[in-house]
Amino acid sequence: MLTRRLLIVAALAAPLPALAAGRPVVTILGDSITAGFGLPVSAAFPARLQAELAKLGKSATIRPAGVSGDTTAGGLARVDFSVQKDTTLCIVALGGNDLLQGLKPATTRANLDAIVRRLKARKIHVLLAGLAAPPAIGGGYARDFNAVFPAVAKAHGIALYPNLLAGAAGLTQRDGIHPNAKGAAIIAQRLAPVVARVLG
């Protein structure tokens, strides 16, 4: 518990990107991928996403709010203070640790439902980034897990990016889980057009 608290404090204490006048803030509520585990800040997914948006002519400040090891329950516990009030759009990028821990898909869905409800109540737009369970997980569990993200997006009428890790298969660090610099760049390249459309 102490370790988790220290991780949360560290994440919140990290310097925030400077805000430009009129530039929308996009907060990524996520886990170790958002936190940039094993990568320098400049090569991590959030920094790459901001760069890719700039290439598309969309000026936005990407604010990472990632805590390594966070499940959807962890994200729910901190959503009210991790996603600050100046946020225009929140990308909810959680669920990977639920999958790794074999948590019930129904629990994952309930947590994501609650996160989205809280964000919408604060008039913050939401983009849900899903994940695809590997076939080796088992047919029934994989099917139920994969169904969570489209179900939540449909229920709340929010945008869905089906699989955050699409295109980055095999582009991992030594642990075989976290994306390496090239993987993080591909994730950002593929996600950026979706974020740009949601921002309008």
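**View 1. I28 sits in strand β1 of this predicted model.** Helices and strands here are DSSP runs, H or I over at least four residues for helices and E over at least two for strands, numbered from the N terminus. Residues are numbered from 1 along each chain as its sequence is written, and side-chain values use heavy atoms, with hydrogens and water left out. Because the model is predicted, local features need pLDDT of at least 70 and side-chain atom pairs count only at pLDDT 80 or more, while totals for chains, interfaces and linings use all residues. With 0% relative accessibility, I28 counts as buried (buried is under 20% relative accessible area, exposed over 50%, partly exposed in between, with a 1.4 Å probe and protein chains only). Setting aside neighbours within four places in sequence, I28 has contacts that include T34, F45, P46, L49, I62 and I91; a contact means heavy atoms within 4.5 Å.

**View 2. Strand β1 meets β3 in a parallel pairing.** The two strands are joined by six bridges, with β1 covering residues 25-30; strands pair if DSSP finds at least two bridges between them. I28 has I91 as its bridge partner in β3. Those two residues lie 63 apart in sequence, yet their C-alpha atoms are 4.7 Å apart in space. Strand β3 spans residues 87-93, and six of its seven residues are buried, so the rest of the structure largely encloses it.

**View 3. Two other parallel pairings, β3 with β4 and β1 with β2.** Four bridges link β3 to β4, the strand at residues 125-129, and the two run parallel. Here C90 finds its bridge partner in V126 of β4. On the β2 side, β1 and β2 pair in the parallel sense over six bridges, and G30 has G66 as its partner in β2. Strand β2 (residues 61-66) has five of its six residues buried, so it too is largely enclosed by the rest of the structure.

**View 4. N97 in helix α5.** N97 belongs to α5 and is buried, with a relative accessible area of 12%. Which residues does N97 contact, leaving aside neighbours within four places in sequence? They are D31, G69, D70 and T71.

**View 5. F145 in helix α7.** This helix takes in residues 139-156, F145 among them. F145 is at 0% relative accessibility and counts as buried. Not counting residues up to four places away in sequence, F145 touches G95, L99, P105, L131 and A133. D98 is 47 residues from F145 in sequence and 9.4 Å from it in space, C-alpha to C-alpha.

View 6. Rolling a probe the size of a water molecule over the atoms shows where empty space is left. On a 1 Å grid over the protein atoms alone, a pocket is an open set of points with protein on both sides within 12 Å along at least five of seven lines; a cavity is a set where a 1.4 Å probe fits but cannot get out, and lining residues have an atom within 4 Å of a point. The largest pocket holds about 590 Å³ of space, where volume means the space filled by probe spheres set on grid points joined across faces, edges and corners. Of its 27 lining residues, I33, L99, L131, L165 and I177 are the closest to the centre. Helices α2 (32-35) and α5 (96-100) each supply at least two lining residues, and α5 gives the largest share, four residues. By class, the lining has 16 nonpolar, ten polar and one charged residues (Ala, Val, Leu, Ile, Met, Phe, Trp, Tyr, Cys and Pro count as nonpolar, Asp, Glu, Lys and Arg as charged, and the others, Gly among them, as polar).

**View 7. The largest cavity.** The structure holds one cavity of 30 Å³ or more, and the largest has a volume of about 40 Å³. Its lining includes S32, I33, F37, F45, Q173 and H178. The lining residues split into six nonpolar, four polar and no charged.

**View 8. Zooming back out to the protein chain.** The chain has eight helices and five strands, in the order α-β-α-α-β-α-β-α-α-β-α-β-α from the N terminus on. Of its 200 residues, 47% count as buried. Take contacts between residues at least 6 apart in sequence: 78% of them join residues at least 24 apart.
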